Amino acid sequence: GQVIFKCNVCDLQFKQPYRLKIHMARHSEERLFACPLCNYRAKLACNLRKHMLTHSDEKPFACHLCNYKGKLACALKDHIMLIHSDDKPYACDVCEFKAKVPSHLKKHMVSHQVEAPYQCTVCDFRAKRAGNLKEHMGTHTNEKRFRCKMCSYGTRRQRNLRKHMAVHFDDKPYLCEICPYRAKLPNYLKDHMKTHTDMKPYDCPLCDYKSRQSRQLKRHIQSHAESFGVNSMVLSEMTN
């Protein structure tokens, strides 16, 4: 019979030994493959090859439905699923939630965890993810760890830096299907699409105000911050 190569950690089986070798790296914390241009280290050589593309301006993967171009095939695949498709093939096995891409399902699954094991050492804030606690800790300091390499912009939150980077590029690959609006980022388009509906999903925790867009709610909360005499970011943390 055919020789089967079996993982001694999770019992997965492979027909080729090199596939088992690649798989075993997932069970290890060792990151042998180092990027020569930054501090990134990878468990697998293929992951390092993908990472190296982030140091290049080349974007060989073009969307056939809009002018989006990506550095990675997986980025193009996610783009098509998020922007051009209504399919949600990734289903939660606890509730009825469905996601377009695996990363969204993974984030959602955290909502089913009862525990929030990551405790802030300064206040009562608790987080389900270590990354969320790390971001929260920035609200207790003036440190802006995430710096733009193209200008002097700095921020406490990594997602704010990702949004900021769009100002350095003219591309607006995300198109509204109803009006001429174009967006630099998918979440901008998602926010814009709410202007075409009567939905107001963003509720102020301090009054009856509702808004269609998250940035409208943030501006509104600023008015409460001025009334309370506190920083709007601090007030946002208090009301989350």
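Hi everyone, let's start at His 164, which lies in helix H6 (residues 158-165); helices here are DSSP runs of H or I with at least four residues, strands are E runs of at least two, and both are numbered from the N terminus. Before going on, this is a predicted model, where local features need pLDDT of at least 70, side-chain atom pairs count only at pLDDT 80 or more, and totals for chains, interfaces and linings use all residues. Residues are numbered from 1 along each chain as its sequence is written, and side-chain values use heavy atoms, with hydrogens and water left out.

Is His 164 buried or exposed? His 164 counts as buried because its relative accessibility is 12%, and the cut-off for buried is under 20% relative accessible area with a 1.4 Å probe, protein chains only. Setting aside neighbours within four places in sequence, His 164 touches Cys 148, Cys 151 and Tyr 153, contact being heavy atoms within 4.5 Å.

Now the annotation. The unreviewed UniProt entry gives "domain: C2H2-type" for residues 5-32, 33-60, 61-89, 90-117, 118-145, 146-173 and 174-201; such annotations may be inferred rather than shown by experiment. Residues 5-32 are 29% helix and 14% strand, with end C-alpha atoms 23 Å apart. For residues 174-201 the figures are 29% helix and 14% strand, and the ends are 22 Å apart.

Methods. Buried < 20%, exposed > 50% of the residue type's maximum accessible area, 1.4 Å probe, protein only.
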